[in-house]
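Thanks for coming, everyone; I would like to take a few minutes to walk through one structure, starting from a single residue and then widening the view.

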Amino acid sequence: MIYLIFNFWSAALLVLVDNWRMSRAGEWLFWIIVFCVITILPSLQYGVGYDYFNYLEIFNDDDVLSVYFRKEEYGFYYLVLVLRELGFAPQSLFFAASALSSAAIVFCLRVLSGHGYKVAIVFICFFLITGMMHNQMNGVRNYLAAYFFVCAMLSKFSNKFGLTILFSLFGLLFHQTFYAVAVFLLVPNFVYEFLSKRVLLFYFLFFAFWLSGAAMFLLEYMLGGYLSFYAHYAQYLSAGSSFFNVLTKLYYVPVHLWFLWYVRKSIPEFARFELRLVGVWLLGSSLYLSLLHTELFYRAYHYFVFFSLIPSYYFLVYKYSKFVKFLFFLYIVIPYLAKVVAFPVGEYAYSSIIFR
């Protein structure tokens, strides 16, 4: 529940960013406040998720930490070294990771704001639907890389290729799986626009592709070469996720179908940035179905989950009545409440060092 309070507080601040005409200094002040608010809870976590104590061990044990140097995850390795050299306690790793994640989130919101998106609505959809703000407390390195990937994609779609390269380097330095998704940063922007203009066709093609399990052949090939550093996971290729886990993601298919209708009718009005955003959403829109075949696809899924908020965002800004939008808000908030209030487990069961 405390996460809900903090995030709605952040959303309220972003409403002001959306609607007030502020000086540049005033706008920056609001962004800094938002950054601070969303940094607090992950920084103060204690025992959240399954890897919290593993990260404490990494911080304290030179032999364990050296593994990440050998894996060439130099960003993470040297972050820990710097924190240790400065004399900080192990908990500082979570402060630093949270600050980096929050900075990436703020960057993404600022980019979207610059393209005319209502960032308060984007943020509400982001924390209610994607789960990234909870999962980042467990998969620290994974989600740092995922945030950098989103920053890189949004920079690419904004034709800011210097930033695209910079964020790509950050991602590569924090988690090896970034190599698997780096190819999408090399795809020309016009390809994403092409996908969007044929949204109905490609949505169902990708749906069938991920559902069929055909991607397993691609994964086996990549584990044997391009992703050889994950070859030891090949023994888990046949270990699929639970159907219930996939079902929780199928929950949003009705929104997807509405969005297909909306995109097809609105294509002439879409700016290029919007078309590109819809294109990358299409790529990951059905990726969760691959989890039926192997949980290894989680490594790719979390890179694209940010973009899953896009259909819900467009529904909430469409010219429906306030009552319809309220019903839709209940539709997206009820699953979140079930995870954080009714049945909190893992990353959704928050505990803080303050209340130890």
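**A glutamate and its surroundings**

Let me begin with a polar contact of 2.8 Å that joins the side chains of E73 and R141, and please keep in mind throughout that this is a predicted model. E73 sits in the loop between α4, which covers 62-70, and α5, which covers 74-85. Is E73 buried or exposed? Its relative accessibility is 0%, and because the cut-off for buried is under 20%, E73 counts as buried.

Apart from residues up to four places away in sequence, E73 touches Y68, R141, L173, F174, H175 and Q176.

After α5 comes G87, whose phi is positive, near 85°.

The largest nonpolar core has 120 residues, among which W281 and F307 touch the most other members. The largest share of this core, 14 residues, comes from α9. As for F307, leaving aside residues up to four places away in sequence, its contacts are F149, V150, M153, L154, L277, V280 and W281.

How values were computed:
Residues are numbered from 1 along each chain as its sequence is written. This is a predicted model: local features need pLDDT of at least 70, side-chain atom pairs count only at pLDDT 80 or more; totals for chains, interfaces and linings use all residues. Side-chain values use heavy atoms; hydrogens and water are left out. Helices (H or I, at least four residues) and strands (E, at least two) are DSSP runs, numbered from the N terminus. Buried means under 20% relative accessible area, exposed over 50%, partly exposed in between (1.4 Å probe, protein chains only). Contact means heavy atoms within 4.5 Å. A polar contact is a pair of N or O atoms within 3.5 Å; within protein, one must be able to donate a hydrogen and the other to accept it, and residues adjacent in sequence count only if both atoms are side-chain atoms. A nonpolar core is a set of buried Ala, Val, Leu, Ile, Met, Phe, Trp, Tyr and Cys residues joined through side-chain atoms within 4.5 Å.
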